[in-house]
Amino acid sequence: MEDKRVKRRIVLVPVPAQGHVTPMMQLGKALYSKGFSITVVLTHYNRVSSSKYFSDFQFLTISGSLTESDLHTLGPLKFLMKLNQICETSFKHCLSNLLQEQVNGNDDIACVVYDEYMYFSQAAVKEFQLPSVVFSTTSATAFVCRSVLARVNAESFLINMKDPEAQDMVFPGLYPLRYKDLPTSVFGPLESMLKVYTETVNIRTASAVIINSASCLESSSLAWLKRELHVPVYHIGPLHIAASAPSSLLEEDRSCIEWLDKQKPSSVIYISLGSLALMETKDMFEMAWGLSNSNQPFLWVIRPGSIPASEWTETLQEEFSKLVSERGYIVKWAPQMEVLRHPSVGAFWSHCGWNSTLESIGEGVPMICRPFTGDQKVNARYLERVWRIGVQLEGELEKGIVETAVKRLIAGEEGEDMRKRAIDLKEEA
Ligand code: UDX
């Protein structure tokens, strides 16, 4: 018999990008399993809304917004600024309609949970006097960095950031992060980045902050936030362990699992740079040479659009194919969690997005860290220096360095130690 009792509804507002949709959908699954009904507010239609895995969720698309292709054209920073400008009014309409449905007997809204970067949500929440929670989909340490950067003297900070000599110095109060590890963005000027950061750490009228992290990973950063923010801070991660929720926005190529089945245990380097990072052609070749010289098999995700198409001539393609054909397997998008869980995978070459970092820790896989931008630099430093389960490749990428890093992780004693530490962390998490 159908349960007619009115449930309490949670409204989720994710950033329309893979690295943010993934943890938000995991949170949705976890809350749904606790008896809440779930509404996901999208800023444009995406694959997740048609997934049978979320058939019990309500999806609403707010009008007049930006698309995923705008994200790639504008870059994350401008995209977020523009999205926050244009969505405020349409989100108010959306909430107003939901509240009207509530009057007509639908589940009443218990809370709006919005991604830290979707700060436009607060205006509507305030107008309708609804409880709200900020969801931090990046690490607690990245949140601390943003809070610290929002308070610095912008003028002297900008001078220091341009000073090559300051780059290796530890940033005051953020040990072991150096100036060069701070979550600055390659996607826009530092001034704009500071403005966005100030918005993301402004809790406004939210009742709490929830973070996709665990105390075994970031106890001191979590303690900092609990002390400094004026609302309760809850660490609820790693969410993918508690609530798996397949929410890939791209088609996964599952043929790589069959290829992994044929490889030796812990022998494969899995390479993926997430959904936004871009690669230079020159770096791709250094990587391909280094991987080929290491004699280890590798599974490489080369996302369409992640390399400059204009430079990708037929001759280059041929040369690249020759390099990778012997030991490599290339896909456009992989079922990453299944890949990391596969016994053949021995190391993960990653851009160190927070989800990839948590997923790798969750499977006890050590990492080769090559951060691209933003919070990835913070995560890479923590992987190498704090959790000691990663090797960071800094400076120019060169085939010899790649080969050595692969050998250190797969064949050497050091790699074995990192694997043990990664497994310990996995168990604690
Ligand atoms: C973005 C930011 O870049 C990142 O720094 C921030 O922490 C979150 O938002 P993204 O770059 O996409 O995310 O990286 P990441 O956080 O690692 O998320 C990528 C997600 O895509 C992961 O959940 C991963 O499992 C998934 N993925 C990636 C696949 O499913 N298949 C792939 O082939 C590659």
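This is a predicted model: local features need pLDDT of at least 70, side-chain atom pairs count only at pLDDT 80 or more; totals for chains, interfaces and linings use all residues.

Guide: Happy to. Residues are numbered from 1 along each chain as its sequence is written.

Visitor: At what angle do α11 and α16 pack, and how far apart are their axes?

Guide: α11 (residues 281–294) and α16 (residues 399–410) pack at about 45°, with axes 7 Å apart. Axes are lines fitted to C-alpha atoms, for helices over the stretch in contact, and angles run from 0 to 180 degrees between N-to-C directions. Helices here are DSSP runs of H or I with at least four residues, strands are E runs of at least two, and both are numbered from the N terminus.

Visitor: Is the crossing of α11 and α16 left-handed or right-handed?

Guide: Right-handed. A crossing counts as right-handed if the near helix is turned clockwise from the far one by less than a right angle, and left-handed if anticlockwise.

Visitor: Which residues make the contact?

Guide: From α11 they are Glu286, Met287, Trp289, Gly290, Leu291, Asn293 and Ser294, and from α16 Lys399, Val402, Glu403, Val406 and Lys407. Contact means C-beta atoms, placed from the backbone, within 7 Å. By class, the contact has five nonpolar, three polar and four charged residues. Ala, Val, Leu, Ile, Met, Phe, Trp, Tyr, Cys and Pro count as nonpolar, Asp, Glu, Lys and Arg as charged, and the others, Gly among them, as polar.

Visitor: Now the sheets. What is the strand order in the open sheet of six strands?

Guide: The order is β10-β9-β8-β11-β12-β13, with parallel pairing. Strands pair if DSSP finds at least two bridges between them. β10 (328–331) and β13 (390–392) are at the edges with a single partner strand each, so one side of each has no neighbour in the sheet. The twist averages 20° from one strand to the next.

Visitor: How many bridges join β11 to β12?

Guide: Three bridges link β11 (residues 345–350) with β12 (residues 367–369). Trp349 stands opposite Ile368 in β12.

Visitor: And what about the sheet of seven strands?

Guide: That one is open too, with parallel pairing and the order β3-β2-β1-β4-β5-β6-β7. Its edge strands, β3 (58–61) and β7 (233–235), each pair on one side only. Here the twist averages 25° between one strand and the next. Within this sheet, β1 (residues 8–13) and β2 (residues 37–42) pair over four bridges, and Arg9 has Ser37 in β2 as its bridge partner.

Visitor: Switching topic: how is the chain divided into domains?

Guide: Domain 1 covers 9–242 and domain 2 covers 255–428, with bounds from an automatic or database domain assignment. Their C-alpha centres lie 27 Å apart.

Visitor: How many residues of each domain are in contact?

Guide: 26 residues of domain 1 touch 23 residues of domain 2. On the domain 1 side, the elements giving two or more residues are α1 (18–33), α5 (140–151) and α9 (239–242). α1 gives the most, with four residues. That side divides into 14 nonpolar, 11 polar and one charged.

Note on methods: Two residues are in contact if their C-beta atoms, placed from the backbone, lie within 7 Å.
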